[in-house]
Amino acid sequence: MKLQNIDVSHDHFHMARVADMALYLNSICGKSISKEEEDVMILSAFTHDLCDRKYTDVEKGLSELRTWLTSLPISSEQVLSVLHIINTMSYSKVTKYGYPQDLGKWTTAYHHVRVADLIDAYDIHRCYAYQEHAHPEMAEEEKWKAVIELFERRMLTQLDAYILPVCPYAEPIARSRHDQAVKAIEYLKGVYL
Ligand SMILES: [Fe+2]
């Protein structure tokens, strides 16, 4: 499946980091998941941004991804679960609609991919890279101001609202990333505001 106009902020390295973090969260959460659930979690991590409306038509992306997933040696239930997870896990979907109530046995996979994606969002330079992609017309100062605004409005509020209530065991690593981001944003505010 072709990566649709995806820039460095959401590339395969991001997907691999999300998969690694989801596996790590799985290892510390205190309960085991089946191989079937782990496969869904990893596939969701590696595909979760392929149908993002920032980069492609969502329905077209989901259709192409469904075709690819169907070619894999996994069950149709797993295919539908991956598509359901990636179509409902984004920060914007969760803040608008809440968590899906019909995840059943895929709930752990869903939250570990979702939280892993949020933890990767603490990367200041990744956020700047997206601004460069989305707003090449902006001056460097304006891009950094946009990064500051995005972090203060969204990334620095996600720990208490969307990580700890569901995955409290993620606190040490998530709070460490959060605290690093707070320091970086304070520095950037001193430079650009
Ligand atoms: Fe992502």
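This is a predicted model: local features need pLDDT of at least 70, side-chain atom pairs count only at pLDDT 80 or more; totals for chains, interfaces and linings use all residues.
Residues are numbered from 1 along each chain as its sequence is written. Helices are DSSP runs (H or I, at least four residues), numbered from the N terminus.

**H8 with H10**

- Helix H8 covers residues 140–153 and helix H10 covers residues 171–192; their axes come within 10 Å and cross at roughly 140 degrees. Axes here are lines fitted to C-alpha atoms over the stretch in contact, and angles run from 0 to 180 degrees between N-to-C directions.
- On the angle scale, under 35 degrees counts as roughly parallel, over 145 as roughly antiparallel, 65 to 115 as roughly perpendicular and the rest as oblique.
- H8 passes H10 in a left-handed crossing (left-handed if the near helix is turned anticlockwise from the far one by less than a right angle, right-handed if clockwise).
- On the H8 side, the contact is made by Glu141, Trp144, Lys145, Val147, Ile148, Phe151 and Glu152, and on the H10 side by Ala181, Ile185, Leu188, Lys189 and Tyr192. Two residues are in contact if their C-beta atoms, placed from the backbone, lie within 7 Å.
- The residues of this contact divide into 8 nonpolar, no polar and 4 charged. Ala, Val, Leu, Ile, Met, Phe, Trp, Tyr, Cys and Pro count as nonpolar, Asp, Glu, Lys and Arg as charged, and the others, Gly among them, as polar.

**H7 with H8**

- Helix H7 (residues 124–134) packs with H8 at an angle of about 125 degrees, their axes being 9 Å apart. That makes H7 oblique to H8.
- The crossing of H7 and H8 is right-handed.
- H7 contributes Ile124, Cys127, Tyr128, Gln131 and Glu132 to the contact, while H8 contributes Lys143, Trp144, Ala146, Val147, Leu150 and Phe151.
- Sorted by type, the residues of the contact of H7 with H8 are 8 nonpolar, 1 polar and 2 charged.
- Glu132, found in H7, counts as partly exposed because it has 14 C-beta neighbours inside 10 Å. (Buried means 20 or more other C-beta atoms within 10 Å of a residue's own, exposed means 12 or fewer, and partly exposed lies in between.)
- Glu132 and Lys143 are 11 residues apart in sequence, with their C-alpha atoms 7.2 Å apart in space.

**Helix H2**

- The 13 residues of H2 (residues 35–47) should span 18 Å at 1.5 Å a residue, and the end C-alpha atoms are 18 Å apart, which agrees. The expected span is 1.5 Å times one less than the number of residues.
- Buried in H2 are Glu37, Val40, Met41, Ile42, Leu43, Ser44, Ala45 and Thr47.
- The cover over these buried residues includes helices H1 (12–28), H3 (58–70), H4 (76–86) and H6 (107–120).

**Two loop residues**

- Cys51 sits in the loop between H2 and H3 and is buried, with 23 other C-beta atoms within 10 Å.
- Leaving aside neighbours within four places in sequence, Cys51 is in contact with Thr56, Val58, Gly61, Leu62, Leu65, Ile86 and Asn87.
- Thr88 lies in the loop between H4 and helix H5 (91–97) and counts as partly exposed, with 17 C-beta neighbours inside 10 Å.
- Beyond its neighbours within four places in sequence, Thr88 is in contact with Lys93 and Pro100.
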